[in-house]
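Subject: Handover of a structure for your study

Dear colleague,

Please find below the structure that I am handing over to you. I would ask you to keep it open while you read the notes that follow it.

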Amino acid sequence: STPSRPQPTHPLAVAPVTAPEATVDGFVEQFLRNLNNGRGVALSASTPNDRYFALAATVRDYLMARWLEDVRRQRTAQSKGVAYLSAEYLLGRQLDNNLLATGLTEIAGEALAACGLDIDEVRALEIEPGLGNGGLGRLAACFIDSLATMGVPNIGYGIRYEYGIFRQTFVDGQQVEQADSWLSLGSPWEFPHPEAAQTISFGGHTETYDDDGVVRSRWIPAWNVQAVPHNYMVPGYHNGRVNTLRLWSAQATQGFDLRTFNSGDYQEAVRAQTYAENISKVLYPEDSTPQGKELRLQQQYFFVAASISDFVNLILPRDFDLTRLPERVIFQLNDTHPVIGVPELMRVLVDEKGLEWDAAWAITRECFAYTCHTLLPEALEVWPSDLLGRLLPRHLEIIYRINDEFLDEVRERYGDDEDRIRRMSIIAPDGAVRMAFLATVAGSKVNGVAELHSQLLREKVLPDFDEFFPGKFTNVTNGVTPRRFVKLANPGLSRLITDTIGPGWLTDLDRLRELEPFADDASFRQAFASVKAANKRALAKTLHARDGFTVDDGHMLDVMVKRLHEYKRQTLKLLHIVSQYDAIVSGRVSPAEVTPRTFVFGAKAAPGYAMAKRIIHLINAVGEVVNSDPRVEGRLAVLFPPNYNVTLAERVVPAADLSEQISLAGKEASGTGNMKFALNGALTIGTDDGANVEIRQLVGDENFFLFGMTEPEVATLAETGYHPIDFVRADENLQSALDLISSGAFSCGDGSVFEPVVSNLVHHDPFMALADFTSYAAAQQKVDALYADTEAWTRSAILNVARSGFFSSDRSMRDYIDRIWHTPPVR
Ligand code: NBY
């Protein structure tokens with residue numbers, strides 16, 4: 001039944017919703033009203049958390065009228081929108097971002113000051129929602145920011161994890177994980193709608209039935225959970241647009257519990273409730289290595305089914321002709337995590353809406369597109385068919401039929417090339433469902449996330465599919481939002497840029513090019529260098545307050561922040577630090593000859609990834625020794641602040657001089673940290689990998705420190721046989737650094753502590769760190785040489801900024817729109 005609509009008569013009730021007055025007085029009034037009426041406290045009795053909530057509510061109030069208007073517009077417009085399906089959104093703090101979007105930053109600061117409050121103290125209380133692991137989740141957050149800023153209708157769909165990525169602490173240098181209870185004080189940014197919950201089913205069996213002479217299949221599920229939507233505002237920058245991020249939270253269904261309760265087993269009823277609510281309890285902290293656990297498949301289906309139902313049954317008009325679904329939506333699959341949406345849409349169209357299979361398949365193939373974010377074979381998700389069949393029996397049936405029909409087409413094209421058919425089957429020989437293959441068969445387009453990645457995806461990961469589906473594969477190089485990662489993170493640089501070329505660059509980042517001539521302007525260089533110096537002091541202050549670290553003023557800041565993974569090669573950097581230390585303490589060089597550097601690491605290891613955790617331990621151990629050895633004379637320092645997250649990134653990135661992007665060529669799909677650093681005027685030392693390739697092409701060889709093997713060289717070395725020991729023998733510095741670790745120099749004389757790390761490198765070295773060491777060390781000497789020439793360094797840094805406008809996520813969104821989505825902006 002249609003819910004009754006109110007029939008208002010009062011003029012205020014029929015007028016459009018309005019925002020409070022955008023003045024200091026208006027802000028103060030609204031803030032106090034929110035404090036009094038929303039929190040139920042007087043200013044004099046308020047806690048810091050009350051003030052944070054009231055401030056957030058006030059910012060929300062300014063966005064509300066626009067949001068309501070955009071929600072209405074998106075429902076009534078006949079145009080096509082993007083439904084971005086992502087298991088992760090690594091949002092970062094919301095308050096500053098939303099203040100920036102509304103243009104209220106200064107007014108808010110003055111308003112709070114007029115209430116006797118310091119906005120910086122209030123701001124510091126926000127706990128960032130860490131609903132993602134790393135690059136993939138942060139990319140989703142950048143994309144929804146850009147879509148809102150470009151006025152493209154978009155809903156982001158995902159999971160409202162009660163616990164996000166774990167909080168990392170170090171105990172004796174070793175990682176210890178703590179639960180991230182980011183919701184313990186509530187979140188002022190979300191709008192829960194329990195009354196609009198969707199029922200999501202699991203388990204049971206399928207049966208066939210006769211539908212007027214047609215045999216159809218239907219699903220008789222065994223249990224349900226409720227998916228409760230929580231809406232978040234996604235404001236565009238200074239454009240009056242507000243899109244929606246809709247995250248689903250799992251709740252037990254009442255009927256389900258009641259049945260058990262009526263049978264007298266109260267304990268069992270509560271257990272069932274807990275079981276249901278576990279689905280959105282915690283983010284899986286594995287990055288690039290899927291766990292294959294049942295709960296994870298439950299999470300995936302839970303949010304995808306809720307999202308598809310939301311779009312098809314609630315957002316579209318009731319009588320919508322579903323054969324026209326592709327005119328209204330594209331479901332963008334952020335890696336394979338939401339790929340179960342493919343058979344789900346088929347089930348909805350065929351079983352629930354009564355469409356014929358072929359018609360439903362034609363619609364489905366147009367409605368999905370798939371982005372792959374990896375090249376590591378172990379990172380491609382597969383689901384054992386018994387698990388899938390137990391949890392989603394109807395979906396497994398649908399997948400089998402999709403596969404049968406697909407393999408028929410393959411046979412038609414190639415005859416009985418059984419080898420090819422085995423290679424291309426969505427069902428692996430062991431029965432597992434290959435989700436990347438399913439996404440590729442179903443997707444209208446498949447894209448990689450940087451030129452090199454897309455090329456390797458076509459040539460090495462999915463070559464049969466590239467041949468079979470000409471035109472399906474494309475590239476969209478990643479990008480980052482300049483609002484958060486330049487304007488908010490680096491206000492000093494933003495001011496300098498705006499003073500120099502005007503304010504248009506923030507929504508048209510190519511305009512940074514206009515800075516190029518200023519690289520040769522001594523007074524601009526001076527201003528640029530003093531911004532960098534101020535950012536370094538600000539970081540020093542943050543690290544001192546946060547972790548008790550001291551950062552030496554004159555040091556080069558050499559930064560490697562990203563997830564801890566062997567392919568990213570934190571050990572390569574660490575070996576170089578150890579070799580520099582070794583050179584000093586063994587007297588081969590005097591401290592005065594060493595460029596003073598502070599090395600900053602930030603990295604979380606997946607809790608079950610033992611080698612990654614050992615490497616974290618080793619970094620901390622090296623830091624402990626190097627930082628306190630008087631022979632170093634303070635020329636080298638290793639800092640590893642725990643719990644690297646978006647908030648810390650916003651401090652570290654603007655302060656960095658040198659950006660370390662040193663993955664083994666062919667392993668890092670793109671990287672996005674690399675882009676953030678270049679945009680903030682750090683120079684990159686990096687391999688020919690991921691988006692580094694494009695960064696180097698754009699900023700110029702002379703403004704980028706390239707080292708290491710290329711991807712084809714890596715492939716050749718792997719083929720001919722890689723023996724890391726050969727590279728150790730060929731480089732005395734490397735040999736000596738490894739020996740120093742083995743001697744127990746960083747483990748109180750006990751060489752066994754880090755023996756697993758050393759022996760893994762010397763005997764296996766799966767990511768060829770040792771093969772690239774000599775080349776890396778040589779590139780680091782070039783870094784030192786350029787850094788000694790302050791003017792030349794600054795010039796290069798300016799050119800990095802001026803030539804990195806391509807890496808705006810606005811540009812990525814334009815590419816998605818042109819190559820994949822074909823969604824017009826709505827004015
Ligand atoms: O996606 C990253 C890539 O490593 C990076 O090169 C790229 O820039 C970025 C954005 O395109 N991939 C990534 O972050 N992958 C994951 O986060 C991830 C997380 C969880 C799982 C798999 C991959 N999982 O299955 O649990």
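Two strands are said to pair if DSSP finds at least two bridges between them. Strands of a sheet pair through backbone hydrogen bonds, either parallel or antiparallel. Please bear in mind throughout that this is a predicted model.

**The open sheet**

With that definition, one can describe an open sheet of six strands, in the order β21-β20-β19-β22-β23-β24, with parallel pairing. Its edges are β21 (636-639) and β24 (705-706), each of which pairs on one side only.

Within this sheet, β19 (residues 556-561) and β20 (residues 597-602) run parallel and are joined by six bridges. Met560, for example, has Phe601 of β20 as its bridge partner. Across β19 and β20 lies helix α24 (residues 646-655), which runs at about 140° to β19.

The loop between β21 and α24 contains Asn643. This residue is not a glycine, yet its phi is positive, at about 60°. Is Asn643 buried or exposed? Asn643 counts as buried because it has 20 C-beta neighbours inside 10 Å.

**Helix α26**

Helix α26 covers residues 692-699, and its buried residues are Asn692, Val693, Glu694, Ile695 and Val699. An α-helix has 3.6 residues a turn, so residues three or four places apart point the same way. Which elements do the buried residues of α26 pack against? They pack against the strands β22 (658-661) and β23 (683-686), and against the helices α17 (451-461), α25 (673-679) and α32 (790-802). After α26 comes Gly700, with a positive phi near 100°.

Strand β4 (residues 154-159) is largely enclosed by the rest of the structure, because six of its six residues are buried. In a regular strand the side chains alternate between the two faces of the sheet. In β4, Asn154, Gly156 and Gly158 point one way, while Ile155, Tyr157 and Ile159 point the other way.

β4 pairs with β1 (residues 81-85), which runs parallel to it and is joined to it by four bridges. In that pairing, Val82 has Asn154 of β4 as its bridge partner. β4 also pairs with β12 (residues 242-252), in the parallel sense and over five bridges. There, the bridge partner of Gly156 is Leu245 in β12.

**An antiparallel hairpin**

Strands β9 (residues 205-211) and β10 (residues 214-220) run antiparallel and are joined by seven bridges. Glu207 stands opposite Arg218 of β10. The two strands β9 and β10 form a hairpin with two residues between them, and Asp212 in the turn has a positive phi of about 55°.

**The two domains**

The domain assignment divides the protein chain into domain 1 (77-93 + 128-477 + 815-821) and domain 2 (482-805). The C-alpha centres of domain 1 and domain 2 are 35 Å apart.

How many residues of domain 1 are in contact with domain 2? There are 39 such residues in domain 1, and they are in contact with 34 residues of domain 2. On the side of domain 1 that touches domain 2, the elements that give two or more residues are α7 (135-150), β5 (167-171), β6 (174-178) and α17. The largest share, five residues, comes from α7. By class, this side of domain 1 has 12 nonpolar, 18 polar and nine charged residues.

**The surroundings of the ligand**

Both domains also take part in the shell around the ligand: domain 1 and domain 2 each give at least three residues to it. There are 23 residues around the ligand, of which Gly135, Leu136, Pro290, Ala669 and Ser670 come nearest. By class, the shell has seven nonpolar, 11 polar and five charged residues.

**The segment after α33**

Finally, His822 lies in the segment after α33 (809-821). His822 is a residue other than glycine with a positive phi, near 55°. His822 counts as partly exposed because 13 other C-beta atoms lie within 10 Å.

Yours sincerely,
A colleague

Key
Residues numbered from 1 in each chain as written. Predicted model: local features only at pLDDT ≥ 70, side-chain atom pairs only at ≥ 80, totals over all residues. Near = placed C-beta within 6 Å. Nonpolar A, V, L, I, M, F, W, Y, C, P; charged D, E, K, R; others polar. Domains from an automatic or database assignment. Buried ≥ 20, exposed ≤ 12 C-beta atoms within 10 Å, placed from the backbone. Contact = placed C-beta atoms within 7 Å. Axes fitted to C-alpha atoms, helices over the stretch in contact; angles between N-to-C directions.
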